[in-house]
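I opened my notebook to look through a new structure, one step at a time. Come along and keep the picture in view.

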Amino acid sequence: MMTLVMNGFRVSRMMGVGHVATRAGRCSLLGFLAVFSVLLTSAPGAHAKLSVVTTIAHIAEPISVIAGDRATVMPLMGPGVDPHLYRPTRSDILALTRADVILWSGLSLEAQMEDAMARLSKTKPVVAISEALRRDRLLPWEGKAGDPHVWMDPGLWRVALASAVDALVSADPDGAEEYRARAESYFDQMTTFEAYAEQASASVPERARVLVTAHDAFGYFGARYGLEVMGIQGISTESEAGLAMIESLVDTLVERKISAVFVETSVSDRHVQALIEGAAARGHAVVIGGSLYSDAMGEPGTYEGTYLGMLDHNVTVIARALGGSAPARGWMGELAYAR
């Protein structure tokens, strides 16, 4: 007889020269191992990781920081993906059905996924985190509850992320203290970033405080940091920019002597190029001030692939391109590039 002690559990087994295990013995051993694995999982300090699936990385990255090692957090949409047009794949549906918690932005951002989310919500927690905001804090969007690009204002996104933290706590009450502590730390970082963003944005000269972008995703950003925002396409990239809109914006660029416009990583630049060409035909030079992160973040594993890194990039690039002052490497000196 050999006795082993593993993780506090005493295990005995017979040892004998020439012993041949019978089929019943093998079954018994397999059964024991199954029970033993369950016991280990429920041992003090052990927990099964929560499986969290999100739509956009703007949710996934902050929540992965807040969840720590208590959860695996997977975004369905990666860099350069437009959530307005995204349709879930078979592998997405499989991941969603296997998830313990599903977090999405809502407010019609992921318009092609609304039916799937409604079905999934009947069997598990499915939380549209932007819809935690009071309606009077949302910018208008004709025919909809409000503009969905809430993450462009860190103060508003903090409220949305707090509702995601509540969902984690509900699904994993044992981790509540950990989730709350890490959320508080993360939200403190957001507050510190906001001070930098305010200072950098305030440095842009009054006459240059106009942000022209590929689509109207920066309304909350403009409202928060005092910039007039003009999007060539509407709030959703499903809307097409008409010739009249482009001509009107060309008039604005020329009359107000706006010298920089911005492209976005998840939207085609063809309309922006049309603006530049139209202004040039009128004798006014306009340059691309930089490429901004709007509906998608940077590559995973990069600073710009984090929520705060994405915002740092946007604030820094916009301020510098419009004649303001901001460090070339941004808030924390970690930007890979700033114009």
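**Entry 1: the overall count**

I began with a tally and found 10 helices and 10 strands in the protein. Both are DSSP runs numbered from the N terminus, helices being H or I with at least four residues and strands E with at least two. I noted that this is a predicted model, where local features need pLDDT of at least 70, side-chain atom pairs count only at pLDDT 80 or more, and totals for chains, interfaces and linings use all residues. Residues are numbered from 1 along each chain as its sequence is written, and side-chain values use heavy atoms, with hydrogens and water left out.

Next I looked up burial: 48% of the 339 residues are buried (under 20% relative accessible area, with a 1.4 Å probe and protein chains only).

**Entry 2: a sheet**

I traced an open sheet of four strands in the order β4-β3-β5-β6, with parallel pairing (two strands pair if DSSP finds at least two bridges between them).

Strands β3 (residues 50-54) and β5 (residues 101-104) run parallel and are joined by three bridges. Here I spotted V53 opposite I102 in β5. Helix α5 (residues 154-171) packs on the sheet and touches β3, β5 and β6; the direction of α5 makes about 175 degrees with that of β5 (axes are lines fitted to C-alpha atoms, for helices over the stretch in contact, and angles run from 0 to 180 degrees between N-to-C directions).

**Entry 3: two packed helices**

Two packed helices are described by the angle between their axes and the distance between the axes. For α2 (residues 57-67) and α6 (residues 176-202), I wrote down about 125 degrees and 8 Å.

**Entry 4: helix α8**

Which residues of α8 are buried? I listed I246, L249, V250, T252, L253 and V254. These buried residues pack against β7 (210-215), β8 (228-233), β9 (260-264) and α9 (270-281). Just after α8, I saw that K257 takes a positive phi of about 55 degrees.

How values were computed:
Contact = heavy atoms within 4.5 Å. Buried < 20%, exposed > 50% of the residue type's maximum accessible area, 1.4 Å probe, protein only.
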